[in-house]
Amino acid sequence: MKFRKLKSMLVSSAVALSSLAAPFTAAVSPSLTANAADGDNYAKLLQYSLYFYDANMCGDQVETNSRLTWRGNCHTSDEVPGGYHDAGDHAMFGQPQGYSASTLGWAYYEFKDAFEATGQSAHYKTIADHFAKFFRDATVLNGDSVSKVLIEKGEGGIDHSYWGPPEQQGNRGRMLWTSDGAANITAEYAAALAANYVNFGNPDDLKYAKALYNFAKQHQGSYSCEFYGNESTADEIGWAACWLYLATKDSAYKSDVDAIGTAYWVHCWENVSLGAAMLKGEITGDWGAANYLGELSGDGYKFIDSWGSARHNATAQMCALVAAKYNKGNADWAKGQMQYLTGDKAFANGQTHCLVVGFKPDASSKPHHRAASGTDTAESDGTPSKYVLVGALCGGPTDANGTYQDLRSDYKANEVAIDYNAGFVGAAAGLYYHYKTGTADPVSAIPGVKGGSTDGPAQGGTTTPAVTTTTTTVNGGGNTTTTTTTTKPSVTTTTTISGSTSGGKTLLPADMTVDTEEGDDGGINNYAEFKPQGAKKATLYLKVNSNDTEVSGAFGTWNGKWVQEDFTGVKVGVDKTVAIDYDIPSDVGQTVKAMVFWPHGNGVTIEKVVLDGGSSTSGNTTTRGTTTTAPKTTQGNTTTTTKGGTSSGDTVLLPADMTVDTEEGDDGGINNYAEFKPQGAKSATLYLKVNSNDTEVSGAFGTWNGKWVQEDFTGVKVGSDKTVSIDYTIPSDVGQTVKAMVFWPHGNGVTIEKVVLHGAGSSSNTTTKATTTTTRTTTTTTKTTTTTTKATTTTTTTTKAPTTPTTTTTQGTKTATLVGDANCDGKVSVADAVMIMQALANPSAYGLQGSNPNHITEQGWANADCQSSPGVTNKDALAVQMYTLGLVTSLPTDK
């Protein structure tokens, strides 16, 4: 067994610089709320576990990549900026850095479905790419060979003498490079990059992974420092070989995979033999080397080491959950162990501790973490943390009995570190993968989190969101029922009915289409779709498996328009059953869809639907209003366009001339897009550079002119020079902007180089595009609808202290009466930031045409534009928070 982790006790109160606040400070650590069922809310657990990496992000891209309001760029003078701070300190140690990244990659590789279903894929990709960029930047290549590798930044003892925010630390000094050793680190870098390639397909990751692996094989010496000791490097080389084999299927790596030895210790930063042995089992079918899996049993707390016991426990859970995918482990054992970490099961001494910061109101709140503490010394146990270190897993009990205290000064029990959360992320993802319980929190409900346009869950397919045109609320039967009529694209469904006729007929799940889908709030909704068969009424029968006391959902049908009847506040009976009646409209479509919005997932079971030609059969009665809608939109004809080069009179738009960015696509991947003004042109050509091995490109052009008009392109061949150009005929009724979107390849697999605007049509290489016209709402993942549809004029008065904003902003027919006052209550407060984020994150409920009675109004939307750049985005919510904290003195702001 390798050396165990030794942490310095050099915590000095002499250097008291933390009074210089990090960006976006708050006076005290805000509180968090929790639901009764948070113990098995694995969606929330996964969501929270990722935020620790936002807290420990380092370099000149923190303000761009981190999702925490209180973190900013730091250590920008490093020879190679980037990477992550190791723990509660700010040093960068190569071995836990590489281990954490590769283990997180393993978690995503095994449990990708969990990340996507809970809406965490985009967040994880940002974290993974930040790791990968640092590993590439830290590796100097000469051709395909490694010249040297940066393996450590800062000096542990000196770093530990500083207690304050990383933004104020300044130059850390030492950068430690190797040119002939440290295979335990270089192989971990290789494994992390290869895993990232497997997950996301960036060819640069694979290039550097191969070079680092060859370097580690050539220089197999080990490196240890005063905090992280290491002996053998065979486990790291085997671990990297597995990932490179999975990335390439090249038999050259197979010999090192076959040579992986027996694992006698839990997967951890100092010994990855268990992870390697498990991947060997997946690759070869031989799980014999994964010997330690046999140790993962029993009901008591799995105590492995006194330093970071929760860390080892969580990673053991992850290993068991991965093994359970292949019938080699016990998922229920992992579930029982997680109950110790979330405070839902008592340790041997009878005490319970939620060791996940922020997860519950009584969770650990004083982790040993400089940036979050807001204090000038670790010896400040009586002072609350300034910031909630959301999702950080604290070290945990120092003995098998459960001895633990929530003390900042206890660097053993309350340590937090990137390797601690790596296995914890994997455990949370694995538990959601196996049990599918819980829902992620709205970003606006999590203190100190910025959110972003990609926080929502991945959506299946490519359907266009519906637009609510009219909402009528009716009180009936003691419950509130809302009927909405929306325009919506047609939906193709397959419904299997066996032996059902109208009049008192019972439809069991086998007689309907019963399935799950992702809801607007990121949760997993159950639904049953059935043919009405001439019935006048239908009753939906549910069995509630959670502790929830009320049920909400809707019935809907497509009859040329989408007619939906919502039900809320339906009480759960003492026998945990619910029955909800629905009056089937006379103009019902071919099917009715009964949807359950709450509880989510396994929290409820659809038992049956009873069709009745007469009166209703349930005591829980709902009533329905009547609304009208615009006509159904239609699919246009297939058209053919051609592409050609530029000519005099063409306008070339480079990325700096457009909005070029990424967003989460319907398939959970990261899509590139460019948004530009058409400037009177008749056509446009999009020029791409493909960085992956893909041979075809797909995507779409779209514009909003009162409705969303989208023209898709698919199967466009990539040229021999890896470039592609796609033509678009700009419609005569084009909106203010055009959005060119690339659906495949994802992310770094493609680069948008330019757009050329033409005064007339273009000509050469042919692509076929299907034109579709639909109506849509604004969404959090589509910036066009929130940033390009208004003209803005501003006049700003700046004062020395926060004052009421004196800016006038014009948006359509509405003029801002008080910039920042999104809820129109006559003042600017955090409530306005929440209103903005709700409107962007859940437009169908809180947008301009939202179904919720408290949705944002046209006046509120005009007031919500708080930045000098036009358009309402999450940055406007951040601007409101900055204003309320006194960090800016007037609105709008450029900050």
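Residues are numbered from 1 along each chain as its sequence is written. In this predicted model, local features need pLDDT of at least 70 and side-chain atom pairs count only at pLDDT 80 or more, while totals for chains, interfaces and linings use all residues, and side-chain values use heavy atoms, without hydrogens and water.

Biologist: Which strands stand at the edges of the open sheet of four strands?

Modeller: The pairing in this sheet is antiparallel, in the order β17-β25-β20-β23; strands are DSSP runs of E, at least two residues, numbered from the N terminus, and two of them pair if DSSP finds at least two bridges between them. Each edge strand has a single partner, so one side of it is left without a neighbour in the sheet. The edge strands are β17 (651-653) and β23 (723-729).

Biologist: Which residue in β25 stands opposite Leu 653?

Modeller: Strand β25 covers residues 750-758 and is joined to β17 by three bridges. The residue opposite Leu 653 is Val 755.

Biologist: Is Gln 95 buried or exposed?

Modeller: Gln 95 lies in helix α3 (residues 94-117), and a polar atom of its side chain is 3.1 Å from the backbone oxygen of Trp 269. Its relative accessible area is 3%, and the cut-offs are under 20% for buried and over 50% for exposed, with a 1.4 Å probe and protein chains only. Gln 95 is therefore buried.

Notes. A polar contact is a pair of N or O atoms within 3.5 Å; within protein, one must be able to donate a hydrogen and the other to accept it, and residues adjacent in sequence count only if both atoms are side-chain atoms.
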